[in-house]
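The following paragraphs lead through one protein model, from its overall make-up to individual residues. Please keep the sequence and the coordinates at hand while reading.

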Amino acid sequence: MKTIRSFFVVLTFLLTTVTFYSCLDDDDKYPWPDNALEAIVTVKPLEGNAYYMQLDDSTTLIPANDYVPYFGTKEEQRAYIIFTPESENVQGYNASVNILAMDSILTKPIAENLGEEKNNEIYGKDPVDMWDMWVEDGYLSFRFSSYYSGRHKHFINLIQPDSLNAPYEVEFRHNAYGDTDYPYGYDVQKGWGWVSFSLDKLPDTEGKTVKLKIKYKSYTSGDKTYELDYCTRRPAGKKASLTNLDGLRAIIK
């Protein structure tokens with residue numbers, strides 16, 4: 001489970017054609033309670049507008065208040081949340097929480113493999129600075145940064161170049177459409193991005209843990225490869241200990 005250094009001062013990517021933006025400039029406008037916590041979760045739909053949240057591979061949260069995400073609750077969506085724990089127990093879930101704020105994270109499936117030439121043309125191979133990557137609740141998530149001028153939208157994808165011979169090997173792809181080039185002069189700056197990719201297209205590991213190989217292009221060192229432990233997502237265990245909440249960091253007012 002990953003916490004967020006700053007929830008509302010974030011530069012992130014929007015949907016499939018992407019631009020950087022900042023939500024707010026001053027966290028002080030939000031006097032969060034002393035016991036407020038922040039986390040990244042998967043918002044999962046129930047009937048109507050109801051939903052619950054998967055905190056990690058084994059911990060589920062149910063909202064105690066009537067907070068409805070602006071992006072809806074019809075499909076799974078990765079999201080940032082700020083919340084406070086509630087004392088009320090809800091049967092079938094680890095904890096009930098009071099949602100103070102929520103914002104969506106770009107959530108995408110693995111993109112179609114078009115072959116090397118088309119992959120490079122469509123998905124690009126522009127570099128990024130990769131700050132974090134992790135597997136959680138069936139999603140591969142990234143925290144990264146890139147130069148941008150705001151003149152062109154960026155395109156972020158995850159592809160599986162050889163599903164037959166390397167079923168657990170994926171590539172992070174970034175097409176900046178020339179937006180990071182320095183002819184734009186001093187307008188070029190660096191922005192942060194968060195993105196999560198569903199891994200449901202990968203073969204079922206049948207309960208085993210395998211190595212997931214992730215490739216991407218770095219600004220400083222070219223082509224890079226990392227390996228993470230991966231096991232196909234199973235139905236969440238909703239009876240885990242509430243001690244899973246202890247690792248979350250309280251927000252400083």
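The protein has 15 strands and one helix. The model is a predicted one, and every value below is computed from it. Of the 253 residues in the protein, 47% are buried. Among contacts with a separation of 6 or more, 70% are made by residues 24 or more positions apart. The protein exposes about 12900 Å², of which carbon and sulfur atoms supply 48%.

Four strands, in the order β8-β13-β10-β9, form an open sheet with mixed pairing. Strands of a sheet pair through backbone hydrogen bonds, in either a parallel or an antiparallel arrangement.

Strand β10 (residues 139–148) pairs with β9 in the antiparallel sense, over seven bridges. Asp 132 has Arg 143 in β10 as its bridge partner, and Met 133 stands opposite Phe 142 in β10. In a regular strand, side chains alternate between the two faces of the sheet. Two residues lie between β9 and β10, which form a hairpin. In the turn, Asp 137 has a positive phi of about 55°.

Ring pairs link Phe 142 with Phe 144, Phe 172 and Phe 197 into a cluster. In the whole structure, a search finds twelve aromatic pairs. One of these pairs joins Tyr 70 and Phe 71: the ring centres are 5.2 Å apart and the planes stand at 80°, so the pair is edge-to-face. Angles over 60 degrees count as edge-to-face. Tyr 70 counts as exposed because its relative accessibility is 55%, whereas Phe 71, at 25% relative accessibility, counts as partly exposed.

A stacked pair is formed by Tyr 216 and Tyr 226, with 6.2 Å from centre to centre and 15° between the planes. Tyr 216 belongs to strand β14 (residues 210–218) and Tyr 226 to strand β15 (residues 222–230), so the pair ties together parts that are ten residues apart in sequence. Tyr 216 has a relative accessible area of 8% and is therefore buried. Tyr 226, by contrast, is partly exposed, with a relative accessible area of 39%.

Where does Gln 160 lie? Gln 160 is found in the loop between β11 (155–159) and β12 (169–175). With a relative accessible area of 11%, Gln 160 is buried, because the limit for that class is under 20%. The side chain of Gln 160 reaches the backbone oxygen of Pro 167 at 2.8 Å. Once neighbours within four places in sequence are left aside, the contacts of Gln 160 are Ile 110, Asn 113, Pro 167, Glu 169, Leu 202 and Pro 203.

Technical notes. Residues numbered from 1 in each chain as written. Heavy atoms only, no water. Pairing = 2+ DSSP bridges. Buried < 20%, exposed > 50% of the residue type's maximum accessible area, 1.4 Å probe, protein only. Polar contact = N/O pair within 3.5 Å; in protein donor to acceptor, adjacent residues only side chain to side chain. Contact = heavy atoms within 4.5 Å. Phe/Tyr/Trp six-rings, centres within 6.5 Å; stacked < 30°, edge-to-face > 60°. Areas by Shrake-Rupley, 256 points an atom, 1.4 Å probe, with all protein chains shown as cover.
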